[in-house]
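Hi everyone, thanks for coming.

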Amino acid sequence: MTTNTSEIDEIKSTPWNGGRSPFNVEYGKMMMWFFLLSDAFTFSGLLIAYGALRFSSVSWPNPDEVFQSAPGIHGGAPLVFVGIMTFILIMSSVTMVLAVEAGHRKAKSEVSKWMIWTIIGGFAFLSCQAWEWTHLHHEGAWWGANPFLNKDGSVASTNFTNLFFTITGFHGFHVFSGVVLNIIIWINVLAGTYERRGHYDMIEKVGLYWHFVDLVWVFVFTFFYLV
Amino acid sequence: MSADQQNIAHHDEHGSMTKKKIWGVFWVLLGITAIEFFIALVLIPRGVLSHPVGNIIYIGLTLLKAFYIVAYFMHLKFEKLGLIYSIIVPLIFIIFFIVWMLYEGNFWMHIRL
């Protein structure tokens with residue numbers, strides 16, 4: 001009888017028999033992962049709609065002609081401005097991991113420093129996007145209005161601009177939310193909330209979100225500006 | 001319980017990114033982006049690569065960048081296998097949806113022509 005009981009106890013000590021997290025991560029971090037998975041489905045839905053509409057079109061506007069300006073450069077410079085935007089976002093992802101790394105060492109002032117750089121990167125990206133949207137709007141592009149011709153010279157439908165403003169807008173909204181979250185977390189760092197708590201796990205959670213925003217941009221960049 | 005705590009401490013020791021590794025990943029991401037620019041601004045305009053071939057390379061490089069961001073910056077590579085699978089396996093639905101909708105889009109174009 002006693003041997004049987006101990007055998008049952010033996011079986012129940014595996015990670016999947018309850019009583020502890022089989023994933024060995026904190027609850028909030030796991031739920032951030034599942035939120036990001038759902039968000040990945042949302043962005044995929046938007047980008048796949050873009051792909052389906054593009055594949056259903058005989059011709060499509062040429063991104064090198066649409067996106068060929070930057071502040072101070074009036075045309076003839078494809079990819080330059082979006083290159084700067086991509087660089088800013090990758091840089092801010094790096095400063096975010098550096099904040100996480102400093103958090104592991106519980107180095108409060110370093111966490112604060114890298115969070116500030118991440119927030120600055122976020123604002124810089126949003127400013128670039130604001131400039132690009134304004135520039136395209138001045139050229140006559142908006143939801144429901146497409147001044148750009150197709151590659152073959154025919155008049156384009158508004159699919160291109162509708163999808164561009166919807167997808168980059170939705171991404172920009174994510175960046176904006178990320179900046180707000182980063183600021184909240186940064187204030188908590190300054191207030192010493194995580195120092196009292198004994199760990200900087202919140203930096204990791206907000207970091208996951210921030211990297212996801214960078215990840216989405218990698219795909220938006222490829223499908224809107226390169227392909 | 002103490003074994004559990006030991007396990008978490010052990011996990012952190014091996015999983016955390018050092019500053020050197022972080023900058024290593026940064027240079028990889030920057031390098032891949034530079035290659036994409038080189039293809040778009042030099043190779044395709046000069047006719048070294050055709051547009052369809054360039055597009056396939058862009059998508060391959062994009063997935064590579066996505067791998068580096070998710071595996072190292074988001075730290076997924078160092079999580080438990082169960083968590084890795086529960087995040088990666090559902091993405092099969094996205095691949096299915098891509099194939100389905102691009103095929104469908106192509107079909108619409110042939111109806112229009």
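Let's begin with helix 2 and helix 6 of chain A, whose axes come within 10 Å and cross at roughly 165°. Axes here are lines fitted to C-alpha atoms, for helices over the stretch in contact, and angles run from 0 to 180 degrees between N-to-C directions. Helices themselves are DSSP runs of H or I, at least four residues, numbered from the N terminus. Helix 2 and helix 6 of chain A are therefore roughly antiparallel, a label for angles over 145 degrees. Which residues make the contact? From helix 2 of chain A they are A:L46, A:L47, A:A49, A:Y50 and A:L53, and from helix 6 of chain A they are A:N159, A:L163, A:T166, A:I167 and A:F170. By contact I mean C-beta atoms, placed from the backbone, within 7 Å. That set divides into 8 nonpolar, 2 polar and no charged residues. Nonpolar covers Ala, Val, Leu, Ile, Met, Phe, Trp, Tyr, Cys and Pro; charged covers Asp, Glu, Lys and Arg; the others, Gly among them, are polar.

A word on the source: this is a predicted model, where local features need pLDDT of at least 70 and side-chain atom pairs count only at pLDDT 80 or more, while totals for chains, interfaces and linings use all residues. Residues are numbered from 1 along each chain as its sequence is written, with chains lettered from A and ligands numbered from 1 in the order in which they are written.

Now helix 5 of chain A, residues 108-138. Its 31 residues reach 45 Å from first C-alpha to last, close to the 45 Å expected, which is 1.5 Å times one less than the number of residues. Its buried residues include A:W114, A:G121, A:G122 and A:F125; buried means 20 or more other C-beta atoms within 10 Å of a residue's own. What do the buried residues pack against? Helix 4, helix 6 and helix 8 of chain A. After helix 5 of chain A comes A:G140, with a positive phi near 100°.

In helix 8 of chain A, have a look at A:G207. A:G207 counts as buried because 27 C-beta neighbours lie inside 10 Å. Beyond four places in sequence, A:G207 is in contact with A:M96, A:V97, A:A99 and A:V100.

Finally, the two chains: their contact takes 36 residues from chain A and 42 residues from chain B. On the chain A side, helix 2, helix 4 and helix 8 each supply at least two residues. By class, that side has 22 nonpolar, 11 polar and 3 charged residues.

Notes: Buried ≥ 20, exposed ≤ 12 C-beta atoms within 10 Å, placed from the backbone. Parallel < 35°, antiparallel > 145°, perpendicular 65-115°, else oblique.
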